[in-house]
2 protein chains.
Amino acid sequence: MNCDHESEHHLAAERAARNMPGDEAIGRVSAAFKAISEPSRLKILFALRHGEMCVYHIVEAVGGTQSAVSHQLRILRDNHVIKSRRDGQNIVYSLADEHVVAVLELACTHLNCKL
Amino acid sequence: MNCDHESEHHLAAERAARNMPGDEAIGRVSAAFKAISEPSRLKILFALRHGEMCVYHIVEAVGGTQSAVSHQLRILRDNHVIKSRRDGQNIVYSLADEHVVAVLELACTHLNCKL
DNA sequence: CTAATATATGAACAGTTATTCATATATTGA
DNA sequence: TCAATATATGAATAACTGTTCATATATTAG
């Protein structure tokens with residue numbers, strides 16, 4: 001039921017268990033990646049790479065209904081992937097910081113997707 | 001029903017729509033992020049940062065049943081997040097490449113998680 | 001203040017997904 | 001070949017999540 005317990009792998013397993021982030025950290029990272037993993041939300045992020053936009057224009061860029069986009073924006077903002085500011089009647093959204101761009105570009109490089 | 005159509009935002013929206021990756025690319029990126037977004041699979045990735053491991057030791061490091069871990073490993077491998085090789089009776093798993101480490105570290109930096 | 005515009009939100013339904021259980025496949029040693 | 005070990009997988013259920021619809025809130029113009 002067990003394989004070699006003196007092996008390199010066993011040592012790696014011990015180190016891994018000892019250094020495993022707590023559930024709180026795992027949960028936050030998980031939520032962030034989950035937020036950027038849905039196709040409709042990914043489209044929003046790819047759209048916002050071209051500059052900040054209000055909701056109406058995001059809808060224009062990615063398609064779908066205003067309600068659906070608004071729900072998705074909330075999830076992205078709650079997970080610190082995008083940020084928002086009010087400008088008169090509009091709420092203007094933009095990517096939270098350069099980390100977001102970097103992660104998207106890394107993923108595209110890794111998967112051979114053209115940006 | 002429309003806000004300023006000559007604004008910067010409108011131009012950004014046009015550019016965004018024009019340069020939006022196709023559904024195929026969006027789907028691949030989405031699947032990859034979805035793969036690394038589930039807590040149980042994230043734990044596997046954090047574990048594998050300490051070196052390649054066979055299934056038994058991954059189970060040891062992350063907890064859960066052998067079956068559940070095996071299902072998760074399949075999803076990670078299908079999405080090119082991890083790779084595997086056979087070594088006798090064991091299948092040894094490891095992170096696919098440095099992109100994976102980089103993405104995890106970016107996320108942790110962004111979210112102020114200690115690694 | 002009122003109407004119009006822009007955005008957000010709660011509830012409900014539909015589709016997706018992680019886990020469990022039982023079982024199958026593959027490799028090794030005897 | 002047979003038994004033991006290591007890993008994978010199909011089906012089923014339970015939990016989660018995205019979208020829609022209806023409606024609410026907030027800002028501005030008049």
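**Strand pairing and the terms behind it**

Author: In β3(A), A:N90 is the bridge partner of A:D87. The model is a predicted one.

Reader: Which features describe the β2 and β3 hairpin in chain B?

Author: There, too, β2(B) and β3 (residues 90–95) are antiparallel and joined by six bridges. B:D87 faces B:N90 in β3(B). The hairpin has two residues between the strands, with B:G88 at a positive phi near 65 degrees.

Reader: Why are β1 and β2 of chain B called edge strands?

Author: The sheet of chain B is open, has three strands in the order β1-β3-β2, and is antiparallel in its pairing. β1 (53–54) and β2 (82–87) each pair on one side only, and are therefore the edge strands. Strands of a sheet pair through backbone hydrogen bonds, either parallel or antiparallel.

Reader: Which helix lies across β2 and β3 of chain B?

Author: That helix is α5 (residues 66–78) of chain B, which runs at about 115 degrees to β2(B).

Reader: How do you know that chain A is more spread out than a compact globule?

Author: Chain A contains six helices and three strands, in the order α-α-α-β-α-α-β-β-α from the N terminus. For its 115 residues the globule rule gives 13 Å, whereas the radius of gyration is 19 Å, well over that value, so chain A is more spread out than a compact globule. The C-alpha trace of chain A spans about 65 × 30 × 25 Å along its principal axes. Of the 115 residues in chain A, 33% are buried. Among contacts in chain A with a separation of 6 or more, 45% are between residues 24 or more positions apart.

Reader: What makes the relation between the two chains that of a two-fold axis?

Author: Chain A is superposed on chain B by a rotation of 180 degrees with 0.0 Å of shift along the axis, at an RMSD of 0.0 Å. That is the relation of a two-fold axis. The same surface serves both copies, since 100% of the contact residues of chain A recur in chain B.

Reader: How many residues meet across the two chains, and which elements supply them in chain A?

Author: The contact involves 49 residues of chain A and 49 residues of chain B. On the side of chain A that touches chain B, at least two residues come from each of α1 (8–19), α2 (23–37), α3 (39–48), β1 (53–54), α4 (55–62) and α6 (98–110). The largest share, eleven residues, belongs to α2(A). By class, this side of chain A has 28 nonpolar, 14 polar and seven charged residues.

Reader: Why is B:C113 called partly exposed?

Author: A residue is buried with 20 or more other C-beta atoms within 10 Å, exposed with 12 or fewer, and partly exposed in between. B:C113 has 18 such atoms, and so counts as partly exposed. B:C113 is in the segment after α6 (98–110) of chain B. Leaving aside residues up to four places away in sequence, B:C113 touches A:P21, A:A25, A:R28, A:V29 and B:C108.

Reader: Why does B:N112 count as exposed?

Author: B:N112 has 9 C-beta neighbours inside 10 Å, and the limit for an exposed residue is 12 or fewer. B:N112 is therefore exposed. The segment after α6 of chain B holds B:N112, which has a positive phi of about 55 degrees although it is not a glycine.

Conventions: Residues are numbered from 1 along each chain as its sequence is written. Chains are lettered from A and ligands numbered from 1 in the order in which they are written. This is a predicted model: local features need pLDDT of at least 70, side-chain atom pairs count only at pLDDT 80 or more; totals for chains, interfaces and linings use all residues. Copies are superposed by least squares on the C-alpha atoms of residues with pLDDT of at least 70 in both. Two residues are in contact if their C-beta atoms, placed from the backbone, lie within 7 Å. Helices (H or I, at least four residues) and strands (E, at least two) are DSSP runs, numbered from the N terminus. Two strands pair if DSSP finds at least two bridges between them. Axes are lines fitted to C-alpha atoms, for helices over the stretch in contact, and angles run from 0 to 180 degrees between N-to-C directions. Ala, Val, Leu, Ile, Met, Phe, Trp, Tyr, Cys and Pro count as nonpolar, Asp, Glu, Lys and Arg as charged, and the others, Gly among them, as polar. The radius of gyration is taken over C-alpha atoms; the globule rule is 2.2 Å times the number of residues to the power 0.38.
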